[in-house]
Structures are given as structure tokens and as C-alpha cells.
Amino acid sequence: MSPAAGPTRWALTGRVVTMSAEGDVIENGTIFIEDNRIAGITPKGQPALAGFEAVQAMKTGGTIYPGLIELHNHLSYNILPLWRVPQLFGNRDQWQNAKSYRTSVTGPMSAIALADDGSLLPALVRYVEAKCLVAGTTTSQGITLSNWSGTIHKYYKGALRATEIGSPPDLPRAHSKIPDIDAEDWLKFDNELKSSACFLLHLSEGIDVKAHSHFLALRNSAGQWALEPSLAGIHCTALDATDFGTMAQHQAKVVWSPLSNLLLYGKTTDVVAARTAGLTIALGSDWSPSGSKNLLGELKAAKVVTAHFGLGFSDYEIVTMATRNPAAILKWDGKLGTIAQGKFADLLVVKGSGGDPYGHLISSREQDIVLVTIGGRPRYGSNKAMQQAGGSGEAFKIGRAARVIDFSSPDQDPGIEKITLAEATARLSAALGKLGTMQQHSLAMTEAIASGTASRTGWRLALDEQFGNNVELRPQLEYNGTRTGPDLRAVAAAAEPLHPIKLDALTVAGDRVFLETLKSEPNLPQGMAAAIAAFY
């Protein structure tokens, strides 16, 4: 019998921003990693940890942060470019039937989903996972909304951590969907919240009375609130200080997507009132059709919005919204969210080590990402960094910068196609370039399903908020005798012919169209798009 393999040990040096507390920064420190965890951290001049005496630490020359954790996304949609929002909306029920939304978002994604011969799902998951990794995101949310396409969970069980999968018991999985009957029954909905560690649900999306009614519907006729410590309300743009006070009494949380809010509604969540009430706040980029391209971009949006509206959030507080705060909301803070001994080695290394450490991260661009590790494993970085860290993978470029990305997963289902980023890009580009043809196939499949001559069993792609999947992303409780929440069954398919669109670029660095579209968005306050573009 061969002896058991010893632990994998390596180390890296740089400015260490632990995020344990403001100012808790080691200007020149070494992080020691054993297998998937941080074995310890020492400042320069101290001896190596026991067992690491022979390990030559990798000198990053950069700043090391906890890997970014995102609590709001719809990952499968992130192949689509930014949609130019045609008008100001009052609530999310309105824009789902806008003509340009159907031809820019609903129509293309329906065509991709329904005309897929099995080649597009692995390509899509590979591509959107890469979009997260190249921007330093190690955990994201929003992998699926489906009870008829469970295979997508296997596809997303790759390099990137997914909140809905987690890693029990260390990282309990978060919930982000409700059986439709429970979404409409107050008691069942409240029981769903009580039985979960974390429940990420869209809440009061919009700025009008109808959007606000979604929150008021959480109170039953006896005056009891369906609010629990597990609930993290995504958006909450229609809520006021009183509402946030009620949420705080029940220890609920908030997930903020400032750019998406402003693009659609011209306003964003009253996060100052939420903070004053004592609520924990996390960030999410939402999705590429109406939000930042990635969480690193949403940090910039949060800083610009803070400055524009005088919200008073420091750079440290903004960075907590993508590190320690989301970890706490997920109940993962004992394992992730800060850099500390015993925690999982999910790390982000950014080029440079000067200036304010928190502003440094917010100001960094995708091409400044030097290395990303998940569970101690190098997953993405520069050629040099990946080689020094013992990583390997597929070579590609971000702008002119050579990079390596590793998607391999020993736990991945052997029946799932292994596909490179290059091949994924080619397949998706080809599919989006022939949407007219794919639309005909998707319409035929829709008719076949409606007539009962075809079933959903063979579908390979699940889409949030697009098909009647018998699960919901938000409570649908009654208020004043009317059920709240959008009726997805009433969402019209794109009647207009679809035309080719370009695959959304992996990064802002390689996508000037994104910044040009952002500057043309009618609902953004004047100067905001230019302020965001200035970071790039």
C-alpha cells in the first residue's frame, strides 16, 4: 500500500488586507496555505510556520484580499450585452414586456434555451464562470431557477463557488427560489424562511406603490411579519426608513445593486436608511443586460453612487459589501469573507501595493488581477503567478495581458462535456450570430410543448424568470386582495424577428461598447456613466 499523500503547502507574500476590521492590514505579510485552508499569516521578519520551513514563498508584489463574494446575479444571462433601457420604469413588472427587452434579452435567451442541441449549456456555464473569475469573484449567486433541469447544478459545480450549492456542512447552501404554492401562502413562505440558513429573495423591485406593496404583503392579517434572520432582500428599492426598521427588528438583510437600479428606475435603494437601521448590506451586479459586467465593476458603481448622492460610505465599507458582509449573510463567515487562520484560502491578488488598500481594490481593473485562488487552488492569474503558485490551465488574453484559467473539477460529473473557454466563446458567438434561425427552432419547440407533443425533459438550459418553472424568486403574497409579484406566464415572447447580437465581452477592458452604451443610458444621473468609465 502506497503511503498517503502529504498536505499541499505553499505561501505567498504581499500587502495583506484581512477585512477583519478597518485598518487591519499587514503591509508586508506572508500567507501560508495548507491544502484548502490558511494555515497562518505572519508579517515580514517573522520565521515561517512550522512545516513551511522549506517552502519558498511566492512574491506577488501586490495586495491580497479575500475573494469577492456576490449575492445577486442571474449568471446564465451574462452572455448578453448591456441593454439600452428605453424609458423610466416604476417597477419590475413593467420592463419585462418592453419591446426592446424582448428582442434584446427574452427573445435571445429563449432561442438559446429552446434551440440548444446540447452544445450551448456547457459553453454558457464555462463563459459566465470565466467572467466572474477574471474579475476576482470567487463566489456568486443565481445559477438557476428550475425544477425540471437539475443537471445545471452539475454544470455549475465547477471552479466557482455557487451560493445555492455551497459545501455543506462548512458552507450551508443558500436558497433563492420558492415553490410557487409556498410563494403565495403566508404561513408556508414564513416556514420556508424559518427552515433556511439564508434565503436570497427579490423584494420590492421598483420605486412605485406597486413595488412597495410587495413588502407590505409580508404582514398577515394578524400583524405578523414573514421576516426572518435568514431573509436577504435583493433590491428593496421601494422601501423607506420605517420598512428598514421593521426588517432590522427581524434581523433581515439587504442586497444592493446600485447600477441596475439606476438604469431601470433612476433611483436606488435607500441604503443610508438601511445602514442607520443596522442592516447588513451586500453587493450584487445583477446581470449583464442591466448592470455591471462583474462585481469588481459594481464596487466602482457603488463608489460613484455614494459620491453622487452623498451616501457617506467609506471605501472600506464598500469593500465589506463584497467580502465580510456577504459571508456573514450566507452564514459562511466562520470559513470565508476575511483572511484569517483556519479559513478557506479564497484569495484575490491585485497588482500594486500603494495607497489606501480599500480604494486600491475599487480602482483596480480586470487586467490588474494577478491571481485568484479558491480553496487554496490557483484558478486564474497571470502566467507568472499561476506558474509560481503551481497552477495550470488554459492560456488566453485580457487585452494584451496573458492569462491562465483553470476550470478543472475532480468532482464534476464525467458525463458533462469538458470545454475550453476558446471553444465556449466560439459556440456562443456563432449561436448569437444566427438568432433568426434559432428563433424558428425555439418557436417550434414552444408549440410542441404547448400541444403536448414534446416535453421539457430534454431541455439543457434553465433560465431565471423566463419559463413557468413552478418556482419563484420572490414572494407572491396578497396585498389588499391582489397577489403581488410579476406573472411570468403573462410575459410575451418576442414577436419581432431576432437579429444577430454580439457575445458580451469577458471584461470592460476589452469592451468599449459597454462604456459607450452606459453613457447613452437615459435614466442614469448626469455624469455618472463618465465617472464609472474614468476607472477604466
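Predicted model: local features only at pLDDT ≥ 70, side-chain atom pairs only at ≥ 80, totals over all residues.
## Overall form

The protein contains 19 helices and 20 strands. Its radius of gyration is 23 Å, close to the 24 Å that the globule rule gives for 536 residues, so the protein is as compact as a globular protein of that length. The C-alpha trace spans about 70 × 55 × 50 Å along the principal axes.

Of the 536 residues, 59% count as buried. When contacts between residues at least 6 apart in sequence are considered, 73% of them join residues at least 24 apart. The accessible surface of the protein comes to about 20100 Å², and 51% of that surface belongs to carbon and sulfur atoms. As for charge, there are 49 positive and 51 negative side chains, and the centres of these two sets lie 5 Å apart.

Helices α8 and α18 each show how buried residues can be arranged around a helix axis.

Helix α18 covers residues 512-520, and Phe-514, Leu-515, Thr-517 and Leu-518 are buried in it. Viewed down the axis of α18, these buried residues fall within an arc of 160°, so they line one face of the helix. Val-513, Glu-516 and Lys-519, on the other side of α18, are exposed. The cover over the buried residues of α18 includes α9 (258-265) and α19 (528-533).

Helix α8 is made of residues 241-249, with Asp-243, Phe-244, Thr-246 and Met-247 buried. These residues cover an arc of only 155° around the axis, which puts them on the same side of α8. Thr-242 and Gln-249 are exposed on the other side of α8. Which elements do the buried residues of α8 pack against? They pack against α7 (209-216), β11 (253-256) and α10 (271-277).

## A buried residue in a strand

Leu-231 belongs to strand β10, which consists of residues 231-235. With a relative accessibility of 3%, Leu-231 counts as buried, because the cut-off for a buried residue is under 20% relative accessible area. Apart from neighbours within four places in sequence, Leu-231 is in contact with Leu-193, Phe-199, Leu-201, Ala-226, Ala-252 and Lys-253.

## Backbone features in loops

Most residues other than glycine have a negative phi, and most peptide bonds are trans.

Gln-251 is not a glycine, yet its phi is positive, near 60°. It lies in the loop between α8 and β11, and at 52% relative accessibility Gln-251 counts as exposed. Lys-331 likewise has a positive phi, of about 65°, although it is not a glycine. Its place is in the loop between α13 (324-330) and β13 (347-351), and at 36% relative accessibility Lys-331 counts as partly exposed.

A cis peptide bond, with omega near 0°, runs from Pro-168 to Pro-169. Pro-169 is in the loop between β7 (161-162) and β8 (178-179).

Asp-116 lies in the loop between α2 (99-114) and α3 (120-133), and it is buried, with a relative accessible area of 13%. Gly-51 is found in the loop between β3 (37-43) and β4 (58-66), where it counts as partly exposed at 35% relative accessibility.

The table lists pairs of residues with their separations along the chain and between C-alpha atoms.

| Pair | Separation along the chain | C-alpha to C-alpha distance |
|---|---|---|
| Asp-116 and Met-438 | 322 residues | 8.5 Å |
| Gly-51 and Phe-535 | 484 residues | 42 Å |

For Gly-51 and Phe-535, 484 residues apart along the chain, the C-alpha separation is 42 Å.

How values were computed
Residues numbered from 1 in each chain as written. Heavy atoms only, no water. Helix = DSSP H or I, 4+ residues; strand = E, 2+ residues; numbered from the N terminus. Rg over C-alpha atoms; globule rule 2.2 N^0.38 Å. Buried < 20%, exposed > 50% of the residue type's maximum accessible area, 1.4 Å probe, protein only. Contact = heavy atoms within 4.5 Å. Areas by Shrake-Rupley, 256 points an atom, 1.4 Å probe, with all protein chains shown as cover. Lys, Arg positive; Asp, Glu negative; His and termini not counted. Charge placed at Lys NZ, Arg CZ, Asp CG, Glu CD. Arc of directions from axis to C-beta.
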